[in-house]
Amino acid sequence: MTLRSKIFFSQALFLLAPLVAALGAAGFLVTAQQHQSLEQQAVAASTAVRNSMAVAADAARTGALRSMVRNNLVIIQSLYQKSLTGSLSLDEARWLALETFTNRAANTYGTLFCIDSRGLILAHPDTSLVRTPLAPILLARLREASPEAVFQVAEEARLPALFAKSEFAPWGWTIVASIPSREWARILPVEQLVQDIATASGSESIHPFVLDASGTFRPDLPVPGLSSGEGKPLLDQLARQLVQQYSGSLVWDPVPDNPLGRRTLFFQPITELNLIAGVAVPTSVLGRPWTRLLQFCGLVLLPGTLAILGLGFFLAHRLGRPLQRLATGITGLEQSLDPLETRKGDSEEYARIIACCNQMMSALHEQRQKLVEEQETNSLIQQQLHQEIATRREAEQKLRAENATRKSAEQYLLLFKNIFDNAIEGIYITDPEGRILTINTSFSRITGFPAAELIGSHPRILGSTLQIQNSFAAMWNELPQTGSWSGEIWNRKKDGSIYPQWLSVSVIKNDRQEITHYFAFCHDITELKRKEKQISILAYSDALTKLPNRAALEHRLTKAIARAGRERRTLAVFFIDLDNFKNINDSLGHNIGDQVLIEVAERLSATIRSEDTLSRLGGDEFILLSESIDNENAVYNLASRILASLKQPILLPPNTIYVNASIGIALFPNDGQTSLDLIKNADMAMYKAKSEGKNKFVMFTQEMNEKLLNRIRVESAIRTGLKQREFAVYYQPKINIISELPTSFEALVRWQNNGTIVTPDQFIPIAEESGLIDEMSLYVLDEVCIFLAKMDEHQLQRLPISVNMAPRTFNQKNIVETIDTILRAHRIDHRFIEFEITETTAMKNVQHTLEIMRLFRERGIRFSIDDFGTGYSSLSYLSEMPVSTLKIDKRFINAGDANSRSIVSSITAMSKQMQLNVVAEGVETGEQLRWLRRLGCDEAQGYYFSRPMPAADVLVYLQRSNDQPSIVPVAPLLGSR
Ligand code: C2E
Ligand code: MG
């Protein structure tokens, strides 16, 4: 067999196998279909039996009922006719009719009865019901129904029954026939019907049957192989099975050894007839196509298909083997050059294929050989090419880098040249021997030398003097060792001028650390020096007078002290302070004040010697440092000259100004060792000069220092005294000059220090200077309040008490509120307090004082001007102030000279004019009292009446005075002012 035919054959076989399988499947489907239709036929037959039975039963029942009512109606009608013809009387006709009903009814399946138009039963087989009313449900249905209509009524507790009616109008009767449901089956010709159905189905295999309520199959079901008597129990068992299952199908196998006797029963119930209708089909008929198919499949199709597959596989194997060998051979040929060989038994065709393959493979080998050789050559060439490209790239990169370096070097060179040419600083470069190689334009500009004149020469030639040249030489000698040098030097310009220069020189070395060049960098610092000088002048001199300021003085004084210490010489420090300079400033303005200061500075400068230093500390304070002091006389002379220089008035048209000065003098080494000590002590001496009447000079003494120390001690003791309440308040009465009775008291503070009573003049000034007076004033006020409360306790008539108020206390923050708080705390009315303020207090910061005074006055506190006449008052201001009393200072009362007397009388007269109360202080004698009384003074205060006394003594004093009635009551004293 050729290869072609083998392939054809095997392919044909492979196609045949699925064909056979497909045929088998088709056959199976057709057979299944057939089986299904047989079964459906059987089910349909059973349904037909059921339906036919139901329809036949319905027709039989309806027919029976209708014929019953119709026949009876005919009878009634004939009886009625007879009554009409007279053959029967009406009653006879009726009676006969009813009798017929009763009898006929008993012979039929159902019941026949008659009712009248009211529903009363006229005739009924059950005679007990005659003359009873028909059940209302039935009556209603009867009335609704049309004649001869058949309808079903299920009476309560009874089985349903079918009814039909017919009406006989002449008598108003209704004839009713009914068949109860249990009778329905009886009226059916069941067997006949089943027979008819079996015939109608036309299939021998299908046997219709009906199973009635008694368990009897109609017609009888034959049991194959058994007589009807033997089969009876099996049929009864089957009947029970059917009744139990009620509907569906079941397989009945009455004789297990005989499969052909097996039946499949399809059945359904006819409920209303109490029957089960169905068909019996031999099971073998239903199962036959399956069996045949299975047999066919088992015997023919399966072995056939398997045989075809086996044959196909064998042929495929036979066909494939040489081809596989060929494929393996060809694969092997790729590795070896041995040709493929044929075997014995190989077909000619196969041998030809092998030969062709061998040829092809050898050609392929040759081709491959060539290709491999070519590839090797190519890769060699490629490698060489790669190498060449890499070398070229490297070279290119190097070139690029070189170019970039060169370019950047060129740019840097250009940049450096620009810097070199355009630098503000002068630059020059020398060779290792210091010969100038090049200079920039700035260097030419600074020195004035053109480059041509300097190149080749040594920078030393710029040195102005030999000394400068020498320092230049020293620097050039030093440079190789240090590597760099910078500093200030003085050089000569081409025009011969000398100028300061800041020079920085650096050494430039090569790789072998040999000096190749020097690089110098310089700039002219003339301007810088000038500014420095200016700054130093500003920092150390007074802007107004151009005299050295305090810093410069301290600097010079420190130096002078050091020098004088070494040379054992004396120094004198003069602290000069202009008297009442503030008045000039306040009254003539600061411009005039400044000009006065300039003039004073000039006059003082003209007085002193050139080696002395006159400086201005600020304001109107000057300090003169004199280093040319041989003896004390020289000091006095200089101080006198200074005072004399100021004697002449300063003319600042239109003003002519007189200026005095107070001078304090301290000497080194006796009065101080440091500049600060000397200035401080001279200052102290100056204060002494001021306190001694101004316009004079005072030499510092150790006593002054002790005074200062004492002041510090007292200040600290006052502080402690206030804390420990060491201060007591004494009270001195003010007496009505007519009645000579006390009108009020003045509170005067005393310090009980270590058992001794210290009077105010010893601590009040220190308390004022240190600011402790504020606390002290409030302390006194507090004590006064306590004392006023005590007056109440002793049931004494309260008298107002005046408290001395220091000038500065009025400037205290919230002074009004503070005093309010104190008075409120002691429940003291403001009207019992009076403040005594000195003229100076009143006139200091007038507006503020006025405001505070008004606030106090509004509250009820009165004011007295104390020590009136000693100070400096403006009467116009005084008239604006809410002052109620003027106290004439005791010095005018005690002096006794005509001048003082006239002052007292003037003050009294003026006070009267201004409606002010006048109190004369320091009344010591009766004569003074009488004089004052003549002048019209209101009150007197003085030792003549009483010295200031402690609170306890005052209480006794008051009790004594209380015995006499007070002439001057308190209220009038609280006058409007
Ligand atoms: P001042 O306010 O002028 O008080 C009157 C001074 O004259 C009192 O001196 C008083 O003792 C004294 N004096 C009274 N009558 C006579 C007299 O007939 N002959 C003489 N020679 N003197 C008489 P004192 O108590 O030493 O007070 C001196 C000054 O101290 C007071 O002068 C007053 O300015 C101040 N002072 C006293 N106590 C206080 C105080 O509590 N506060 C404040 N801020 N100053 C007070
Ligand atoms: Mg006073």
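This is a predicted model: local features need pLDDT of at least 70, side-chain atom pairs count only at pLDDT 80 or more; totals for chains, interfaces and linings use all residues.
Local features need pLDDT of at least 70 and side-chain atom pairs count only at pLDDT 80 or more, while totals for chains, interfaces and linings use all residues. Residues are numbered from 1 along each chain as its sequence is written, and side-chain values use heavy atoms, with hydrogens and water left out.

**Exercise 1.** Find which residues of the largest nonpolar core touch the most other members.

*Solution.* Start with the term: a nonpolar core joins buried Ala, Val, Leu, Ile, Met, Phe, Trp, Tyr and Cys residues through side-chain atoms within 4.5 Å, buried being under 20% relative accessible area with a 1.4 Å probe, protein chains only. In the 81-residue core, look to Ile718, Ile819, Phe835 and Phe856. Next, see who supplies it: helix 19 (residues 773-793; a DSSP run of H or I, at least four residues) gives the largest share, 11 residues. Then zoom in on Phe856, whose contacts (heavy atoms within 4.5 Å) include Phe810, Ile819 and Phe835, leaving aside residues up to four places away in sequence.

**Exercise 2.** Work out the strand order of the 5-strand open sheet and what packs on it.

*Solution.* Strands are DSSP E runs of at least two residues, and two of them pair if DSSP finds at least two bridges. The order reads 17-18-16-21-22, with mixed pairing. That puts strand 17 (613-618) and strand 22 (697-699) at the edges. Now take strands 16 and 21: they run antiparallel over 8 bridges, with Phe575 opposite Gly664. Finally, helix 16 (residues 675-691) packs on the sheet, touching strands 16, 18, 21 and 22.

Methods:
Chains are lettered from A and ligands numbered from 1 in the order in which they are written. Buried means under 20% relative accessible area, exposed over 50%, partly exposed in between (1.4 Å probe, protein chains only). Axes are lines fitted to C-alpha atoms, for helices over the stretch in contact, and angles run from 0 to 180 degrees between N-to-C directions.
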